[in-house]
Amino acid sequence: MDFELSPRTVELRDRISAFLDEHVYPVELEAMRALDEEVAPGVPYPEILVDIRARARHEGLWNLFMPDERYGAGLTNVEYGVLCEEMGRSPAIAPMAFNCSAPDTGNMEILAEHGSDEQRERWLQPLLDGEIRSCFSMTEPEVAGSDPTTLRTRAELDGDDWVINGHKWFTSGAVGAAVAIAMVVTDPDAPQYARASMILVPTDNPGFDLVRPVPVMGHSGGPGHCEIRYEDCRVPAVNLLGPRQAGFVIAQDRPGPGRIHHCMRAIRTAERAIEMMCRRASEREAFGSKLAEKQFVQDFIAKSRMEVDQARLLTLLAAWKMDTAGKRAARQEISMIKVVAANMVMDVLDRAIQVHGSLGMSDDTPLAWMWRFSRMLKVADGPDEVHKMVIARREVNRWAKGDEAGGDSAAPMTSAASGALAQS
């Protein structure tokens, strides 16, 4: 693996850093408040973000995540991962500034790969242009989110329409979104991985009922993580995204690059926490000396530095392997980074909060909201426990088959494992 960054990557990283310094960090708190207060049906972004996004697009810092040069920058996973890390210093606002925030990124990728020409024109292009937002509607409250083979929401073909009935929640970003990509059961009697399909549902469609943003750790503002009821929601048959029964295949196309994005942003979030922890420890005195001179605080800082660098190297390895050998060859590393980065960022943030004392628990610093924002990483895109199960199964199977060379000869995953890893 070559750790040398291309001149283009260095230039883009430096431009993103300068853009954030000038246009995002000075108004970060204001932008977060506006995101909570102004986003509403038909209003995808608050005015302050509209202005920032227009400037970013004008400067060519736009759709950097898209590997297809027809739609974006055409960067590799390693190259974009480095840029993602820079955006992670403000994980809620910076990705939006560059039109690189989830779930739009994953939705745009599968629309580009699996959408019809009509679907690309109607939904992908406005997403690329930053005119609309989208949401991904998969998880259901009545069944385990870690096993989407048990999904119950049904879509039945009635003439030239799909009629959808069911109950979803944690449909992230639904408030202010123009379209939902819904994973629904179209063929209940088919084999478990062929039961589901993806259907595009306009959010202003009759029968699409946004019940509420589900409060998450006391927060329910902004685009939200929403509860949705589909009640005789009728959409044209041409809204089927990709082939019928291909829901799981398409879902598996979303998480690989997305996990690189999430993990690299988490690494930069942790870097910001280390910076804040070190500054606080260098300034604050207790019991006759600076906090930075206390052995326990030094332990916090040293552990955090080591863990962040370890997570970065593992994530870049996963990205490099995806670029050179493909998603399937990198699946073990992708599962590992998802666990490692999600736990690392929580540990580092927790230490930084501890060093700040009661101030760290307040919203007077970014630490508390970064902690709330980051906690979902241990659940989203498949919970830690499923990833660990998959990692262990592959490793045991590799050695049980006597693969001394260390090749990946994993047995098929359980339905729970494969389904959970499809989530995003």
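**Ground rules.** I am working on a predicted model, where local features need pLDDT of at least 70, side-chain atom pairs count only at pLDDT 80 or more, and totals for chains, interfaces and linings use all residues. Residues are numbered from 1 along each chain as its sequence is written, and side-chain values use heavy atoms, without hydrogens and water.

**Helix α1.** I took helices (H or I, at least four residues) and strands (E, at least two) as DSSP runs, numbered from the N terminus. I checked the length of α1, residues 7-24, first.

I then listed its buried residues (under 20% relative accessible area, 1.4 Å probe, protein chains only; exposed is over 50%, partly exposed in between). They are Thr 9, Leu 12, Ile 16, Phe 19, Leu 20, His 23 and Val 24. Exposed Pro 7 and Glu 22 sit on the face turned away from the buried side.

**Strands.** I looked up β7, residues 225-236, next (pairing needs at least two DSSP bridges). Strand β3 (residues 161-172) pairs with β7 in the antiparallel sense over nine bridges. Val 163 stands opposite Arg 234. Strand β6 (residues 208-213) also runs antiparallel to β7, joined by five bridges. Leu 210 has Ile 228 as its bridge partner.

**Thr 365.** I found Thr 365 in the loop between α12 and α13. Thr 365 is buried, at 9% relative accessible area.
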